[in-house]
Amino acid sequence: IVTMKVIVDKTPTFDPIEPFCEIDENFSLPTISTNGISGTWSPEFDPYNSQTYTFTRDSGDCIQEIILDVVVHPQLKFELFSYCNDDEFYVELSANNFPLSEITNIQWLINNSSISETGNKINLSDYSNLLQKLNTIEIIFTDSNDCLHTKEIQVLGKNFCKIQKGISPNGDGLNEYFDLVSFG
């Protein structure tokens, strides 16, 4: 009778890594596979760029390399800015490193109230009922990689783009001060 010992070497398995929409400097690739095999990855994880990583197990006879692709989407650079045009006050999204055609599902919030505007700019003068002394204007949108982005801007005042004709500091609460806050 001949006795043989057969060793089955497991291949390390890993869950796929979801694409990164934002830079995560605290993320690290798992050093133990889902089936309990330990090892190291090369090169070192880069939170700024998409890359293919190779797993090398710490011990065992299996030399098969395991590769894992990690996608890091480009970081969109954009700003919100406000301006007056023909006595109307606008807040507009300005894209620095991508075309505006790459964004979808635009949602605007004025002081946490959603409005129906879906373009890259809003006319705040149309929403005077939502305005307060200090206003938070927020945009939320999805890019072509299905990444969600948000940005907000603070805007002071209610009566934009109009310079009052005079002041009457008589205690009635109207035109007590010469107010140019909307003009910065």
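These legends describe close-up views of a predicted model.

**View 1. The largest nonpolar core.**
This core has 23 residues. Those with the most contacts inside it are Val-91, Trp-108, Ile-110, Ile-122, Leu-124, Ile-137 and Phe-141. Which elements give two or more residues to this core? They are E4, strand E5 (88-95), strand E6 (104-110), strand E9 (134-142) and E10. In soluble globular proteins, nonpolar side chains tend to be buried together.

**View 2. Leu-124 and its contacts.**
Leu-124 is among the core residues with the most contacts inside the core. Residues up to four places away in sequence are not counted here.

**View 3. Asn-123, a buried residue in a strand.**
Asn-123 sits in strand E8, which covers residues 121-123. Is this residue buried or exposed? Its relative accessible area is 10%, under the 20% limit, so Asn-123 counts as buried. Its side chain makes a polar contact of 2.8 Å with the side chain of Glu-88. A polar atom of the Asn-123 side chain also lies 2.9 Å from the backbone nitrogen of Ser-125. Setting aside neighbours within four places in sequence, Asn-123 is in contact with Glu-88, Phe-89 and Tyr-90.

**View 4. The salt bridge between Glu-79 and Lys-151.**
How many salt bridges does the model have? The count is 1. Glu-79 pairs with Lys-151, and their closest N and O atoms are 4.0 Å apart. Glu-79 lies in strand E4 (residues 78-85) and Lys-151 in strand E10, so the pair ties together parts that are 72 residues apart in sequence. Glu-79 is partly exposed, at 43% relative accessibility. Lys-151 is also partly exposed, with a relative accessible area of 27%.

**View 5. Asn-96 in a loop.**
Asn-96 belongs to the loop between E5 and E6. Its relative accessible area is 53%, over the 50% limit, so Asn-96 counts as exposed. Neighbours within four places in sequence aside, Asn-96 is in contact with Lys-77, Phe-78 and Glu-79. Glu-79 is also the salt-bridge partner of Lys-151.

**View 6. A nonpolar surface patch.**
Which residues form this patch? They are Ile-163, Ile-167 and Phe-178. Together they have about 310 Å² of accessible area. Phe-178 is placed in the segment after strand E10 (148-156). From C-alpha to C-alpha, Phe-178 and Asn-96 are 36 Å apart in space, and they are 82 residues apart in sequence.

**View 7. Cys-161 after E10.**
Cys-161 also lies in the segment after E10. Its relative accessibility is 8%, and Cys-161 counts as buried. Between Cys-161 and Ser-28 the C-alpha to C-alpha distance is 50 Å. In sequence the two are 133 residues apart.

Ser-42 and Pro-43 are joined by a cis peptide bond, with omega about -5 degrees. Pro-43 lies in the loop between strand E1 (39-42) and strand E2 (51-57). Asp-87 is not a glycine, yet has a positive phi of about 60 degrees. Asp-87 is in the loop between E4 and E5 and is partly exposed, at 47%. Asp-146, also not a glycine, has a positive phi of about 65 degrees. Asp-146 is in the loop between E9 and E10 and counts as exposed, at 67% relative accessibility.

Technical notes:
Residues are numbered from 1 along each chain as its sequence is written. This is a predicted model: local features need pLDDT of at least 70, side-chain atom pairs count only at pLDDT 80 or more; totals for chains, interfaces and linings use all residues. Side-chain values use heavy atoms; hydrogens and water are left out. Helices (H or I, at least four residues) and strands (E, at least two) are DSSP runs, numbered from the N terminus. Buried means under 20% relative accessible area, exposed over 50%, partly exposed in between (1.4 Å probe, protein chains only). A polar contact is a pair of N or O atoms within 3.5 Å; within protein, one must be able to donate a hydrogen and the other to accept it, and residues adjacent in sequence count only if both atoms are side-chain atoms. Contact means heavy atoms within 4.5 Å. Patches are made of residues with over 30% relative accessible area and no salt bridge: like charges are joined within 9 Å, nonpolar side chains (Val, Leu, Ile, Met, Phe, Trp, Tyr) within 5 Å. Accessible areas come from the Shrake-Rupley method with a 1.4 Å probe; for residues, only the protein chains shown count as cover. A salt bridge is a side-chain nitrogen of Lys or Arg within 4 Å of a carboxyl oxygen of Asp or Glu. A nonpolar core is a set of buried Ala, Val, Leu, Ile, Met, Phe, Trp, Tyr and Cys residues joined through side-chain atoms within 4.5 Å.
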